[in-house]
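Biologist: Could you open the model so that we can go through the fold together?

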Amino acid sequence: MIKIHRFVFNPFAENTYLIWEVNSKQTIIIDPGCSNADEENVLKEFIQEKKLIPKYLINTHCHIDHILGNGFIKDEYGVEFLAGEEDCFLLDLMLKEATKFGLIMKQSPMPEKYLSENLILELQGEVIKFLFTPGHSPGEYCIYFPSGNICITGDVLFKESIGRTDLWGGDSESLMNSIQQKLLVLPENTIIFPGHGDESTIGYEHKYNPYFI
């Protein structure tokens, strides 16, 4: 059984997620957006309080609001870092981007392993699958937990909205194909946890997302 907790960090109101297996406490840190010491401490204290054991750091994609805490997480916990290969050029670009927003950002490491749809990870028996969903960025992946009916959708699919495509490598046709072919085919009771805003379900998005009605 897995549990999930959301933090809202940085000036972009980005959703950072912790997902852990309840018995082993093995944990994935997804898109750490911590932009200052206070936000880093909030995340660190939660991990300590729940006695979680970070195992993986995963970026759904590598835009600035989703990677601000990569360096902190890697230094603090020494976890294995995974991201989409097609997005890795952004890890260096975002250091300069941070200065435009007056943010102090530690250089993100490069991933030890690239995400792919052939890659399957586990948290103490809980299977984690990766869905290649480019469009918002060229190398974005959604993170799917079949047994928990949970999908982390990054900035691909939001409640009643979809991701923007006017940033580095964005493409509107690719985004729509990604959503229709990879996400809307999931079971309707799948809960989606996006990179910004509130959670939803695939069934709800079928009915109420204006881009698909």
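Modeller: Here is a walk through the sheet, the cores, a few single residues and the surface. This is a predicted model, in which local features need pLDDT of at least 70 and side-chain atom pairs count only at pLDDT 80 or more, while totals for chains, interfaces and linings use all residues. Residues are numbered from 1 along each chain as its sequence is written, and side-chain values use heavy atoms, with hydrogens and water left out.

Biologist: Fine. What is the strand order in the open sheet of six strands?

Modeller: The order is E1-E2-E3-E4-E5-E6, with mixed pairing, where strands (E, at least two residues) and helices (H or I, at least four) are DSSP runs numbered from the N terminus, and two strands pair if DSSP finds at least two bridges between them. The edge strands, each pairing on one side only, are E1 and strand E6 (113–114).

Biologist: In which sense do E3 and E4 pair?

Modeller: Strand E3 (residues 26–30) and strand E4 (residues 53–58) pair in the parallel sense, over five bridges, and Ile 28 stands opposite Tyr 56 in E4.

Biologist: Now the inside. Which residues have the most contacts within the largest nonpolar core?

Modeller: They are Leu 18, Leu 43 and Ile 73, in a core of 27 residues. A nonpolar core here is a set of buried Ala, Val, Leu, Ile, Met, Phe, Trp, Tyr and Cys residues joined through side-chain atoms within 4.5 Å; buried means under 20% relative accessible area, exposed over 50%, and partly exposed in between, with a 1.4 Å probe and protein chains only. Elements that give two or more residues to this core include strand E1 (2–9), strand E2 (14–21) and helix H1 (37–50), and H4 gives the most, with four residues.

Biologist: And what is Leu 43 in contact with?

Modeller: Leaving aside its neighbours within four places in sequence, Leu 43 is in contact (heavy atoms within 4.5 Å) with Phe 7, Phe 9, Leu 18, Cys 34 and Ile 73. There is also a second, separate core of 20 residues, which includes Leu 119, Leu 123, Ile 152 and Phe 193.

Biologist: Which residues of H3 are buried?

Modeller: In H3, Asn 70, Gly 71, Phe 72, Ile 73 and Lys 74 are buried, and what covers the buried residues of this helix includes E3, H1, E4, H2, E5 and H4. Just after H3, Gly 78 takes a positive phi of about 60 degrees.

Biologist: What about Glu 126, buried or exposed?

Modeller: Glu 126, found in strand E8 (residues 126–132), is buried, since its relative accessible area is 13%. Leaving aside its neighbours within four places in sequence, its contacts are Met 1, Ile 2, Glu 21, Leu 121 and Ser 147.

Biologist: Last one: where is Phe 89, and why does it count as partly exposed?

Modeller: Phe 89 is in helix H4 (residues 89–100), and it counts as partly exposed because its relative accessibility is 41%.
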